[in-house]
Amino acid sequence: MSIMQDSREATMLGRRSDGTPVRRPLSPHLQVYDMMQMTSALSIAGRITGVVWGGGALFLVWWLMAAAAGPGAFGAVQWFASSFVGLVFLFGVSAAAWFHTLNGIRHLAWDAGHGYDIPTTYRTGRWVLVGTAVATVITWIIAIAAWAA
Amino acid sequence: MANEYARNTTLRSPLGRVRGLGAARSGVHHWWLQRVTSMALLPLTLWFVLSVALLAGAGHAATVAWIARPWNAVLLLLTVGVTFHHLAAGVQVIIEDYANQEWVKMAAILAVKTICLVLALAAALAVLRIAV
């Protein structure tokens with residue numbers, strides 16, 4: 001076998017049970033999924049929120065480096081964090097982080113072998129959505145209360 | 001038919017593929033570390049989100065004083081290290097899933113790991129400069 005140039009080759013060539021070769025659809029073959037289902041929607045949301053949280057990690061680095069640099073640099077962070085764009089960004093990161101965390105707990109339960117049946121999957125999915133909303137609101141109530149104090 | 005089978009059959013055993021390398025070239029090591037870091041991030045994230053929410057609107061002096069407290073500095077260093085490890089591992093999986101050409105995949109993963117390492121070191125240096 002030669003070295004694969006394109007990783008899709010591995011999933012494209014298969015065999016039917018009678019031995020005849022068949023070309024399979026390309027991964028990630030989005031056309032076979034109905035993204036309006038909660039299962040697949042929450043699945044891809046898990047990835048997207050992970051990446052959004054990565055953007056939040058960039059802000060964390062900026063915040064720490066500015067704090068170490070001095071009041072001038074820290075003022076720039078404060079200006080961004082209290083601007084409209086900054087607040088939308090921070091709110092998005094907090095919601096994404098809570099979703100990724102709660103969905104991650106769901107994944108850890110799956111890894112341990114629990115909650116694989118369809119009704120449980122949908123129920124835990126709804127818990128993740130409700131939990132994300134509640135935790136995000138509580139986080140911002142705390143932040144606004146601390147800001148006002 | 002028999003010949004066609006022979007041409008398309010690999011002589012490597014499933015055990016051989018799993019034991020050494022497999023498709024990811026690292027067995028379950030990457031998968032396992034992703035789970036371990038995610039569990040470590042549960043308490044760390046809870047602590048960090050609450051702390052930052054309580055620091056909302058705090059000025060430079062108050063923020064630096066909070067970072068400088070020993071336990072805060074230790075937990076911040078842990079949070080930064082584990083976060084960027086988990087982030088690099090997660091983005092690596094996304095690249096492995098969606099990048100089709102081998103060299104693009106390798107270059108992108110190396111770039112992501114480099115960037116995450118540099119950012120983690122920069123953040124750690126900032127914490128240490130304040131706390132030490």
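# Close-up views of a predicted two-chain model

**View 1. Residue B:T83 sits in helix α5 of chain B.** Helices here are DSSP runs of H or I with at least four residues, strands are runs of E with at least two, and both are numbered from the N terminus. This is a predicted model, in which local features need pLDDT of at least 70 and side-chain atom pairs count only at pLDDT 80 or more, while totals for chains, interfaces and linings use all residues. Residues are numbered from 1 along each chain as its sequence is written, and chains are lettered from A and ligands numbered from 1 in the order in which they are written. B:T83 is buried, because 26 other C-beta atoms lie within 10 Å. The term buried applies when 20 or more other C-beta atoms lie within 10 Å of the residue's own; 12 or fewer counts as exposed, and anything in between as partly exposed, with C-beta atoms placed from the backbone. Leaving out residues up to four places away in sequence, B:T83 touches A:A57 and B:L41. Two residues are in contact if their C-beta atoms, placed from the backbone, lie within 7 Å. Between the C-alpha atoms of B:T83 and B:V127, which are 44 residues apart along the chain, the separation is 15 Å.

**View 2. Chain A and chain B meet in a contact built from 29 residues of chain A and 35 residues of chain B.** On the side of chain B that touches chain A, at least two residues each come from α3 (29-54), α4 (60-68), α5 (70-98) and α6 (102-131) of chain B. That side of chain B comprises 21 nonpolar, 10 polar and 4 charged residues. In this classification Ala, Val, Leu, Ile, Met, Phe, Trp, Tyr, Cys and Pro are nonpolar, Asp, Glu, Lys and Arg are charged, and the others, Gly among them, are polar.

**View 3. Helices α4(B) and α6(B) cross at roughly 95°, and their axes come within 8 Å.** B:V64, B:I67 and B:A68 of α4(B) make the contact with B:V127, B:I130 and B:A131 of α6(B). The residues of this contact are 6 nonpolar, no polar and no charged. Axes are lines fitted to C-alpha atoms, for helices over the stretch in contact, and angles run from 0 to 180 degrees between N-to-C directions. Angles under 35 degrees count as roughly parallel, over 145 as roughly antiparallel, 65 to 115 as roughly perpendicular and the rest as oblique.

**View 4. Chain B contains 6 helices and 0 strands.** Its elements run α-α-α-α-α-α from the N terminus on. Chain B has 132 residues, of which 20% count as buried. Of the contacts in chain B with a separation of 6 or more, 71% involve residues 24 or more positions apart.

**View 5. Chain A has 5 helices and 2 strands.** Along the sequence, its pattern is α-β-β-α-α-α-α. Chain A has 149 residues, and 22% of them count as buried.

**View 6. Helix α2 (residues 38-69) of chain A packs against helix α5 (residues 118-148) of chain A at an angle of about 45°, with the axes 10 Å apart.** This angle makes α2(A) oblique to α5(A). A:M38, A:T39 and A:L42 in α2(A) meet A:T121, A:Y122, A:G125 and A:V128 in α5(A). The residues of this contact divide into 4 nonpolar, 3 polar and no charged.

**View 7. The axes of α2(A) and α4(A) come within 8 Å and cross at roughly 130°.** The two helices, α2(A) and α4(A), are therefore oblique to each other. Residues in the contact include A:L42, A:W53 and A:G56 of α2(A), and A:G92, A:F99 and A:N103 of α4(A). By class, the contact has 8 nonpolar, 8 polar and no charged residues.

**View 8. Residue A:W98 lies in helix α4 of chain A.** A:W98 is buried, with 24 other C-beta atoms within 10 Å. A:W98 touches A:T132, A:A135 and A:T136, when residues up to four places away in sequence are not counted.
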